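Trainee: I should like to learn how to read the features of a protein model. May we work through one together?

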Amino acid sequence: MNRILVSLLILVTLCGTPPFKAIAADYRNYRKPEDVVAWLYRDYAFDAIMSEYWKDASLIQQPENILRLYFTNELTSLILKDRQCVERTHEICNLDFDPIFASQDPGAADLKISPLDSSGVVHVQFTYPSNGEKINLSYAVVKTKSGWRIKDIIYKEGRSLGKLLRGQE
C-alpha cells in the first residue's frame, strides 16, 4: 500500500512540473481533421463570453508555439507578422476582428462543427446572440508533419484570413 501512495505522489509531482506541461503544450496530434477546429473553439471560445477577464489571452495574442498547435507554419507566420506590425505602428494592420468569430465583438450560440468534406474543408456554423445572424465559416485544413492544421479560414463572400493577412483583401 505504501508503494502505491509513493508512486502516486511521484506521478502527481512529475505531472505538475513546468517542463512536463511545456512539452505537452508544444504538441497536439488530432485524430480527425475536424478535431483541430473543435479544439480551437474549446480552447478560445471563452473570448466570446469572458474576454474582460483574459484580455491578453485571446487566440491572436498567443505565442508562436501555441499558434502552431492549430495553424500551419505559413498561417502562423502571417498572424505573427500582423501582430508585429501592430506593435511597431500602434495601429490596426490587416486583422481587425477575431478570426474564429468573424467579428470585432465575439459571440456565438448553437455552434456546430461538421466533419471534413471532400474539398478539405471543415464547416462551422453558429448564431450571433446579439442579432440572430447565422454565421458560416469554412476552415481549410491540411495534414502536416505535426498532424492536422488549419491552412485558412474562409468567411462570407469568399474573404480569406490568409489573403487578409497578406494584404490582398
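Mentor: Let us begin with strand 4, residues 147-154, in this predicted model. Strand 4 is mostly covered, since six of its eight residues are buried.

Trainee: How many bridges join strand 3 to strand 4?

Mentor: In a regular strand the side chains alternate between the two faces of the sheet. As for the pairing here, strand 3 (residues 134-144) runs antiparallel to strand 4, and seven bridges join the two. They form a hairpin with two residues between them.

Trainee: Is Thr72 buried or exposed?

Mentor: A residue counts as buried when its relative accessible area is under 20%. Thr72 has a value of 11%, so it is buried. Thr72 belongs to the loop between helix 5 (64-67) and helix 6. Beyond its neighbours within four places in sequence, Thr72 is in contact with Val142, Thr144, Arg149, Ile150 and Lys151.

Trainee: What span should helix 6 have, and how far apart are its end C-alpha atoms?

Mentor: The expected span is 1.5 Å times one less than the number of residues. Helix 6 has 17 residues and should therefore span 24 Å; its end C-alpha atoms are 24 Å apart, which agrees. After helix 6 comes His90, whose phi is positive, near 60°.

Trainee: Which residues of helix 6 are buried, and what covers them?

Mentor: The buried residues are Leu75, Thr76, Leu78, Ile79, Leu80, Asp82, Arg83 and Cys85. Their cover includes helix 5, strand 4 and helix 7 (161-165).

Trainee: Which side chain of opposite charge is nearest to Asp82, and how far away is it?

Mentor: For a salt bridge, a side-chain nitrogen of Lys or Arg must be within 4 Å of a carboxyl oxygen of Asp or Glu. For Asp82, the nearest side chain of opposite charge is Arg88, 8.6 Å away. Asp82 is thus buried yet has no salt bridge. Asp82 lies in helix 6, residues 73-89. Not counting residues up to four places away in sequence, Asp82 touches Cys93, Asn94, Leu95 and Leu165.

Methods:
Residues numbered from 1 in each chain as written. Predicted model: local features only at pLDDT ≥ 70, side-chain atom pairs only at ≥ 80, totals over all residues. Heavy atoms only, no water. Helix = DSSP H or I, 4+ residues; strand = E, 2+ residues; numbered from the N terminus. Buried < 20%, exposed > 50% of the residue type's maximum accessible area, 1.4 Å probe, protein only. Lys, Arg positive; Asp, Glu negative; His and termini not counted. Contact = heavy atoms within 4.5 Å. Pairing = 2+ DSSP bridges.
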